[in-house]
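Biologist: I've got the sequence and the model open side by side. Can you walk me through how the labels get assigned?

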Amino acid sequence: MVLPIYIYGQPVLRQISQDIDITDKEAIQALTQDMYDTLKHSGGVGLAAPQIGKAIRVVVIDLDIISDDLPEYKGFHHAFYNPHIIETSEETETLSEGCLSLPGISEDVTRPNRIRVTYYDDDFIYHDEWVEGYLARVMQHEFDHLEGHVFIDRISPFRRKMNFSKINNFLKGKARCSYKVKTIKKK
Ligand code: ZN
């Protein structure tokens, strides 16, 4: 089932997400399927549960849609339960990011290029591993959502201010996007 995506300004995007009970497999799988459906419908590469209004630690990532450019991600379609970043590399890189909760905005963001993460996978198997490359980038963006952060928190105050006008136009209904959304009303 495709769910509406919560847009910047919704309080849930500022909450710290809680770990889920990993033994509740049926409920988790049903939620995950809805998140995959929603991600596919919106054309994004990742979706975190706060973006569908739930402050819990569930993320889905689909890199298959960029596998024409990055063939190593052909068929990459995974869920991450209770993910936590426990270490990061000192080396960083700067890449352009966008977010389904901030339609129409993209900005360069600097982040560590390697991260050590713990999580449960689609089959509820626990992992503790270092991740690099584009996946590390997407994970950091999505896992930020679980800490109540969005990517424009990581850009300069000047650039952030420039982007607020774009967001306000969207909230006032002056701009649209192609997927279902849930916004706070702005006058
Ligand atoms: Zn996002």
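Predicted model: local features only at pLDDT ≥ 70, side-chain atom pairs only at ≥ 80, totals over all residues.

Biologist: Which residues is Thr-38 in contact with, leaving aside its neighbours within four places in sequence?

Modeller: By that test, Thr-38 is in contact with Met-1, Val-2, Leu-3, Ile-5, Leu-47 and Ile-52. Thr-38 itself lies in helix 1.

Biologist: Why does Thr-38 count as buried?

Modeller: Its relative accessibility is 1%, and buried means under 20%, so Thr-38 counts as buried.

Biologist: What does the side chain of Thr-38 reach?

Modeller: The backbone nitrogen of Leu-3, at 2.9 Å. The cut-off for a polar contact is 3.5 Å.

Biologist: Which other residues of helix 1 are buried?

Modeller: Among them are Ile-28, Leu-31, Met-35, Tyr-36 and Leu-39. Their cover includes strand 1 (5-6), strand 2 (46-48), strand 3 and strand 4.

Biologist: How do you know what span to expect for helix 1?

Modeller: You take 1.5 Å times one less than the number of residues. Helix 1 has 18 residues, and the expected value is 26 Å; from first C-alpha to last it reaches 25 Å, which is close. Just after helix 1 comes Gly-43, with a positive phi of about 75°.

Biologist: What makes a set of residues a nonpolar core?

Modeller: The members must be buried, be of the listed residue types such as Val, Leu, Met and Tyr, and be joined through side-chain atoms within 4.5 Å. The largest one here has 19 residues, and Met-35, Leu-47, Val-58, Val-60 and Tyr-81 touch the most other members. Helix 1 (25-42), strand 3 (58-62) and strand 4 (77-88) each supply at least two residues of this core. Helix 1 gives the largest share, five residues.

Biologist: And which residues does Leu-47 contact beyond its sequence neighbours?

Modeller: Leaving aside those within four places, its contacts include Ile-5, Met-35, Leu-39, Val-58, Val-60 and Leu-100.

Biologist: On to the metal. What makes Cys-99, His-141 and His-145 donors of the zinc ion?

Modeller: Distance. Cys-99 (SG), His-141 (NE2) and His-145 (NE2) lie 2.0 to 2.2 Å from the zinc ion, and the donor cut-off is 2.8 Å. Along the chain, the spacing of the donors is C-x41-H-x3-H.

Biologist: Why are His-141 and His-145 separated by about one helical turn?

Modeller: Because they sit four residues apart in helix 2 (residues 133-146). An α-helix has 3.6 residues a turn, so residues three or four places apart point the same way. Both His-141 and His-145 are buried.

Biologist: Why is the pair of Tyr-8 and Phe-164 called tilted?

Modeller: Ring centres 6.0 Å apart pass the pairing limit of 6.5 Å. Tyr-8 is in the loop between strand 1 and helix 1 and Phe-164 in helix 3 (residues 157-171), so the pair ties together parts 156 residues apart in sequence.

Biologist: Is Phe-164 buried, exposed or partly exposed, and what is the value behind that?

Modeller: Partly exposed, at 31%, since that class runs between 20% and 50%. Tyr-8, at 15%, is buried.

Biologist: And what makes Tyr-73 and Phe-76 edge-to-face?

Modeller: There are 85° between their planes, and edge-to-face needs over 60.

Conventions
Residues numbered from 1 in each chain as written. Heavy atoms only, no water. Buried < 20%, exposed > 50% of the residue type's maximum accessible area, 1.4 Å probe, protein only. Contact = heavy atoms within 4.5 Å. Polar contact = N/O pair within 3.5 Å; in protein donor to acceptor, adjacent residues only side chain to side chain. Donors = N, O, S within 2.8 Å, 3.2 Å for Na, K, Ca; no water. Phe/Tyr/Trp six-rings, centres within 6.5 Å; stacked < 30°, edge-to-face > 60°.
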